[in-house]
Amino acid sequence: MEKKELAYKRTYVWDKLNADERKDVMEMGEDYKAFLNEGKTERRCAAEIIRRAEAAGFECICSKSSLKAGDKVYYNNRGKAVMLAIIGEEPIENGMNIVGSHIDSPRLDIKQNPVYEAGGTVLLKTHYYGGIKKYQWTALPLAIYGVIVKANGEKVEIAVGDGADDPVFYITDLLPHLAKDQMSKNLAEGIEGENLNVLTGSLPVDDTEASDRFKTALLNILNERYGIEEEDFVSAELEVVPAGKARDVGFDRGLIAAHGHDDRVCSYASLAAMLKVEKPARTAVGLYVDKEEIGSVGATGMHSQFFINMVGEIIALMNGGNCPDLAIRRALAHSTLLSADVAAAFDPNYPSVGDNANFAGIGQGIAMVKYTGSRGKSGANDASAELVGKVRKLFNDHNVVYQTSELGKVDQGGGGTIAYILANNDMDVIDAGVAMLSMHAPWEIVSKADVYMTNRAYYEFLVNYR
Ligand code: MN
Ligand code: MN
C-alpha cells in the first residue's frame with residue numbers, strides 16, 4: 001500500500017505548471033504590466049477596467065431596460081469604482097459569487113492651495129493618501145495624474161511624467177553632509193508630511209521687478225497648456241505617483257516591480273477572470289472599489305451603499321421594475337465574497353516579523369487569509385472553518401495552488417481589508433489574494449506565477465463555487 005503523505009507542505013506554483021502554462025504565466029505578466037501602466041490612479045484604473053470590459057461585451061447597466069441570464073453589465077461609480085456583473089442562470093436571491101478588490105493605492109495628493117515659490121523654485125504642497133513611509137517618497141522621479149474642474153465646469157485631465165518625452169517631478173531630500181539632526185530622528189519622523197513638496201519649476205518670468213516671479217511663470221504655463229488659473233486647484237484631484245513603467249525584476253524575469261500592486265494585482269486577476277466567464281450558474285460579480293487605503297469611506301468606497309443599490313437595480317431589471325427589499329437582502333445573505341486583497345509575503349531581509357509557518361511566501365499561490373486584524377484579531381472578519389473548507393476544496397479540485405497567510409507575528413502589527421464590510425450583510429467572506437513584498441512602497445513586488453494562479457483561483461470561484 002502506498003504511504004500517504006500526512007504533513008502539509010509549502011508548494012511552489014512554478015513546480016505545478018507544464019511548459020504551456022509557464023508560457024501563459026509570462027504572457028499574463030506582460031498584459032498585467034500594460035494594465036498597470038494604463039491605470040496609475042483609481043480613475044485611470046477604473047477607465048481601463050471599463051475599456052476592457054466593453055471590449056469583452058459588457059454594457060453599461062444605465063443602458064439596459066431589462067436583464068436576463070448571461071447578460072454582462074457594468075456600473076461606473078463616479079469614474080472611481082466599478083462593478084461588473086454577469087447574470088447567472090439561477091435566481092440572484094440564491095446568492096452571487098463576488099470577487100471584491102480595490103483600485104486606490106497609497107500616493108501623494110496635491111492640496112487645494114498648493115502653489116508656492118521658494119529658493120528659485122516653484123513647488124506644489126501635498127497631503128499623503130494611505131499608509132506610506134514618507135522617507136520613501138523623496139529623491140525619485142514622480143508623475144502627476146488627475147483632473148481639474150474649471151470655474152465653467154469643464155473638466156481637464158492631467159497626465160505628466162510617464163510619456164516618453166515628459167518631464168518628471170521630484171521631492172528633495174537633505175544631503176547627508178547636513179543631515180546630522182535629520183539622521184538622528186527615527187524613520188517615522190525623519191521626513192515630515194509638510195516637507196513632501198513637489199518640485200514643478202525653476203524658470204522665472206522675465207520681469208525682474210515682479211513679485212512671485214517663479215509662481216507666476218508656472219501659472220502661465222498651466223494656463224497656456226490647460227486653460228486653468230490658480231483657483232482651479234480648489235476643484236482638482238491631482239495625484240503624485242512614481243514615474244515609470246512596471247518592470248520585470250530578476251535575471252529570470254519572474255517578478256514585477258510597479259506602483260500600486262496593492263491592490264491592482266488582485267483587481268487585474270479578478271478582471272481577467274470576469275472577462276472569461278460565460279453563462280455562470282450563479283451571478284458573477286467583480287467589484288473594483290476606491291478609498292480602501294483610507295478606510296473604505298465615501299461614495300466610492302466599500303462602506304457606500306452603491307453595491308447594494310446596484311443589486312437592487314439588477315433585481316428590478318430582471319423583475320419588471322420591481323425589487324422587494326427582501327430580495328436584495330436574500331441576494332446579499334446568500335452570496336459569498338472573495339475579498340481580493342494583497343497579503344504580506346516573507347521578506348528574506350526581515351525574517352523576524354512573521355511566524356514563518358503562517359506567513360505567505362512569494363511564488364506559492366493565492367494566499368488565503370482567514371483573519372486579518374490586530375492585537376487578538378481585533379477588527380477581523382475571521383472566516384468560518386466551514387467556508388475555508390469549501391474554498392480549500394474548490395481550490396484543490398481545480399489545481400489551484402494556495403497558501404495560507406497571517407499578517408506577521410502576533411502583536412507585531414496588523415491591518416484590514418473590505419472583508420468585514422460586506423460580511424456585515426450576513427455574507428460569507430474570506431480574504432484571498434496575491435502575496436507581495438514591500439507593500440505600500442513607491443515600487444512594490446509581486447510574482448508573475450502568483451498573478452497567474454490568483455487569476456485561476458478567482459475564475460474557478462466565480463464559475464464553480466456553490
Ligand atoms: Mn489592499
Ligand atoms: Mn493597502
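This briefing covers a metal site and several salt bridges in one structure. The model is predicted: local features need pLDDT of at least 70, side-chain atom pairs count only at pLDDT 80 or more, and totals for chains, interfaces and linings use all residues. Residues are numbered from 1 along each chain as its sequence is written, chains are lettered from A and ligands numbered from 1 in the order in which they are written, and side-chain values use heavy atoms, with hydrogens and water left out.

**Metal site**

- Asp262 (OD), Glu293 (OE), Glu293 (OE) and His440 (NE2) coordinate the manganese ion (ligand 2) at 2.1 to 2.6 Å. Donors are N, O and S atoms within 2.8 Å of the metal (3.2 Å for Na, K and Ca); water is not among the atoms, so sites may look incomplete.
- The spacing of these donor residues in sequence is D-x30-E-x146-H.
- Asp262 bridges the manganese ion (ligand 2) and the manganese ion (ligand 1), and the two ions lie 3.3 Å apart.
- Distant parts of the chain are linked here: Asp262 sits in helix 6 (residues 261–274), and Glu293 sits 31 residues away in the loop between strand 13 (283–289) and helix 7 (306–318). Helices (H or I, at least four residues) and strands (E, at least two) are DSSP runs, numbered from the N terminus.
- Asp262 is buried at 3% relative accessible area, and Glu293 is buried at 13%. Buried means under 20% relative accessible area, exposed over 50%, and partly exposed in between (1.4 Å probe, protein chains only).

- The structure has 30 salt bridges. A salt bridge is a side-chain nitrogen of Lys or Arg within 4 Å of a carboxyl oxygen of Asp or Glu.
- One of them joins the side chains of Lys80 and Glu237 (3.0 Å, N to O). Lys80 is in the loop between strand 2 (72–77) and strand 3 (81–86) and Glu237 is in strand 10 (residues 236–242), so the pair ties together parts 157 residues apart in sequence.
- Lys80 is buried at 10% relative accessibility, whereas Glu237 is partly exposed at 33%.
- Glu239 pairs with Arg107 in a salt bridge, with the closest N and O atoms 3.2 Å apart. Glu239 belongs to strand 10 and Arg107 to strand 5 (residues 107–118), 132 residues apart.
- Glu239 is buried, with a relative accessible area of 4%, and Arg107 is buried, also with 4%.

**Other salt bridges**

- Glu192 and Lys185 form a salt bridge whose closest N and O atoms are 3.6 Å apart.
- Glu192 is partly exposed at 42%, and Lys185 is partly exposed at 39%.
- A network of salt bridges links Glu30, Lys33, Asp248, Arg253 and Lys448.
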